[in-house]
Amino acid sequence: MIEIDAVTKVYGEATVVDAVTATVPSGSVAAIVGTSGSGKSTLLRMINRLVDPTSGAVRIDGRDTREEPPHVLRRRIGYVIQGNGLFPHRTVAQNIATVPVLLDWDKRRIAARVDELLELFQLDPAEFRGRMPHELSGGQQQRVGVARGLAAGPNILLMDEPFGALDPIIRAKAQDDLAAIQKRLGTTIVLVTHDMEEAIGLGDAIGVMDEGRLLQFAPPEEIIARPASPFVERLVGAADRPFRLLSLARCGDLAGPSAASGPAIDADTSARDALADLLWSARDAAPVARDGVIVGSVTREALEAKAAGPR
Amino acid sequence: MRSGRDGAVLSARRLDKLGVPIAGLVAIGAGLSPFATFSANRIVLGEPRSIFEALGAVGGGLTLVGLTTAALVAVLPTRPLLRLAVSVSATAVLMVMIGRAGTHLTPPDVTLARVSPGSGFWVLLFALALFLTDSLTRLRLSPVQRLVGLALAVTAMAVLLGSGAWDDLSILKEYDSRAPEFWREGRRHVVLALGSLGLAVITGVPLGVACNQSPRIRVPLLTGLNFIQTIPSIALFGLLIAPLAWVAASVPGAQDLGISGIGAAPALVALYAYSLLPVVSNTVVGLDGVSRQAVDAASGMGMTARQKLLRIEAPLALPVILAGVRIVLVQNIGLATIAALIGGGGFGVFVFQGMGQTATDLILLGALPTVMMAFVAAVGLDAAVELSERRGAGKRTP
């Protein structure tokens with residue numbers, strides 16, 4: 001659990017982060033969204049003390065982060081940044097092993113851990129271990145960057161625009177992979193992004209920042225349905241709200257017993273994609289399949305009801 | 001008509017672009033200029049001797065055949081390996097033949113007569129060196145291969161000198177009469193050039209790191225070093241005489257350390273002052289060039305400032321820092337000749353003695369080893385820079 005308690009950062013005259021309070025429960029993903037200069041990166045960097053707060057405190061599992069030297073603290077917290085920040089003069093294996101080496105793990109344990117992580121990120125260890133970063137594609141570099149962040153098995157992972165340098169198709173895949181790995185490892189993630197869609201897709205809670213203040217910190221449904229200020233509403237995008245709500249629901253959860261014909265939609269498909277499918281195929285309903293077995297059907301009516309905002 | 005034009009295009013394309021001027025230089029060197037000069041003693045002006053006069057009909061003929069072959073191979077579109085073989089052989093022939101010219105032209109029992117390489121020899125040497133370097137460039141040798149080549153060239157030169165093939169040339173006669181002095185000044189030259197470089201690296205790299213970390217000292221320091229660089233070298237050597245003489249006179253123990261207004265101390269200080277700017281500024285530029293994300297990631301993952309510097313920043317900045325060291329070393333080997341002016345020793349001693357006696361051969365005895373040392377340093381450090389770049393994987397993540 002990360003407790004951010006009235007944290008403020010002042011540079012000269014400018015207050016970059018203004019009395020932000022928030023709690024990120026263990027095992028959850030918090031996405032911090034804001035425009036550039038909103039203070040979101042500074043807030044993130046105050047968690048691992050790359051920036052020291054002017055006032056306020058950050059506690060991790062109840063312990064004030066100032067109780068230990070910053071470099072010791074940082075070795076317990078994974079860190080992934082935009083453009084991945086891989087060390088260009090070190091191999092993939094050496095990059096991933098950075099924190100384990102700092103922690104003085106023995107060589108065999110490090111080698112085993114590197115291979116385990118490469119496999120987790122679908123990179124063949126024999127092929128990729130000895131490569132240099134510049135020999136990898138953008139998507140592969142990004143995966144190595146995240147693998148490096150997770151190398152010493154941290155409970156917390158801080159990510160600053162981790163998908164910023166990727167093209168849209170690779171980005172969607174990388175986001176799905178991250179969600180799956182987070183679910184598997186139960187890591188607490190704080191992720192900074194300027195992309196509301198990414199925040200809604202990955203965050204259990206979304207924090208919206210503007211001019212150093214945390215305007216709203218709430219689950220995505222609430223951010224979309226009840227934005228706390230006109231700025232939050234603008235960031236969500238008024239016209240996109242119904243579709244953003246739909247993207248949060250799985251179509252399997254909306255399936256009813258009625259019969260339908262035509263190709264089936266997978267139960268894990270988002271309600272948004274299911275509606276798109278119905279609109280495109282000009283159907284009012286479609287069968288829903290889980291693991292290839294039809295479990296019911298989803299109707300346009302049910303999807304539309306899900307898209308409606310609060311009355 | 002059409003075939004005629006095609007033929008013209010083809011034949012123009014068939015000539016090697018650099019080969020044409022090389023062949024021209026060979027023609028000028030072989031035909032127009034004197035190959036060697038002969039003088040009755042070391043001070044009078046030399047009389048020109050052509051290739052045939054200097055080497056006799058057989059030797060001169062063979063040399064001309066060799067040079068013509070080299071010029072032809074240079075002009076025609078030939079393979080790089082053949083070009084290298086021919087340029088190396090032609091250079092070797094030229095080197096041996098100038099020695100033979102010395103033997104051939106020196107009358108028996110006349111010890112005062114001097115035979116020196118003439119302008120034709122130097123033009124030929126320049127043309128063949130151009131040919132040789134160009135062939136090496138076309139072969140795209142790896143840094144290690146270049147170092148091996150350099151070692152082979154140095155060995156060949158040593159064998160040539162050791163075999164006595166050049167003993168009748170004036171420059172070696174100058175050497176003979178002052179061999180112990182030559183090696184003493186040579187050692188002094190190396191100490192001056194390498195010592196000032198060592199001091200500059202030991203102090204300059206930390207200064208560069210400090211500039212990189214605190215912008216406040218960066219501008220004043222680099223401006224100051226830039227200013228030193230603009231002082232003419234002879235003036236700087238002279239300017240240091242007064243302060244160092246004062247130090248020697250007023251600081252106890254300074255004289256015992258060898259510090260005085262003239263001699264090696266001011267020379268070393270002046271060379272050190274010139275060395276500092278390239279070392280500091282290349283360290284700053286090298287560290288600035290290290291990807292910000294890599295540095296941020298290093299701190300974010302828990303490296304201490306020292307670990308970050310030694311494991312990430314220094315290795316990534318190394319090629320640029322080494323490039324600075326290369327500049328300094330080559331510059332210092334040349335500048336160290338001026339140290340002789342203030343009694344600092346080095347090969348400059350022979351240059352200035354030679355100028356005083358109008359003895360060109362003596363000037364060459366000081367100048368040629370200096371040029372060769374600078375050349376060896378340049379080739380060696382270029383290879384080192386390239387090797388360090390490879391380790392750092394040239395391309396940097398954006």
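## A salt bridge between the chains

R45(A) and D296(B) reach across to each other with their side chains and form a salt bridge, 3.0 Å from N to O. The term means a side-chain nitrogen of Lys or Arg within 4 Å of a carboxyl oxygen of Asp or Glu. Between chain A and chain B, the count is one salt bridge.

Before going on, note that this is a predicted model, where local features need pLDDT of at least 70, side-chain atom pairs count only at pLDDT 80 or more, and totals for chains, interfaces and linings use all residues. Residues are numbered from 1 along each chain as its sequence is written, chains are lettered from A and ligands numbered from 1 in the order in which they are written, and side-chain values use heavy atoms, with hydrogens and water left out.

## The rest of the interface

Here 26 residues of chain A are in contact with 23 residues of chain B, contact being heavy atoms within 4.5 Å. The two chains bury about 2,100 Å² between them, 65% of it on carbon and sulfur atoms. That area is the accessible area (1.4 Å probe) that two parts lose on being put together, summed over both.

## Inside the model

The largest nonpolar core has 46 residues, and I96(A) and M196(A) have the most contacts inside it. Such a core is a set of buried Ala, Val, Leu, Ile, Met, Phe, Trp, Tyr and Cys residues joined through side-chain atoms within 4.5 Å. Buried means under 20% relative accessible area, exposed over 50%, and partly exposed in between (1.4 Å probe, protein chains only).

Setting aside neighbours within four places in sequence, M196(A) is in contact with several residues, among them V33(A), I206(A) and R244(A). There's also a second, separate core of 43 residues, including L105(B) and F182(B).

## Salt bridges within chain A

Over all chains, the count comes to 26 salt bridges. In one of them, D115(A) pairs with R129(A), the closest N and O atoms being 2.9 Å apart. D115(A) is partly exposed at 22% relative accessibility, and R129(A) is partly exposed at 36%.

Another joins D177(A) to K173(A), with the closest N and O atoms 2.8 Å apart. D177(A) counts as buried at 18% relative accessibility, while K173(A) is partly exposed at 41%.

R244(A) turns up again in a salt bridge with E197(A), the closest N and O atoms being 3.7 Å apart. R244(A) is buried, with a relative accessible area of 9%, whereas E197(A) is partly exposed at 43%.
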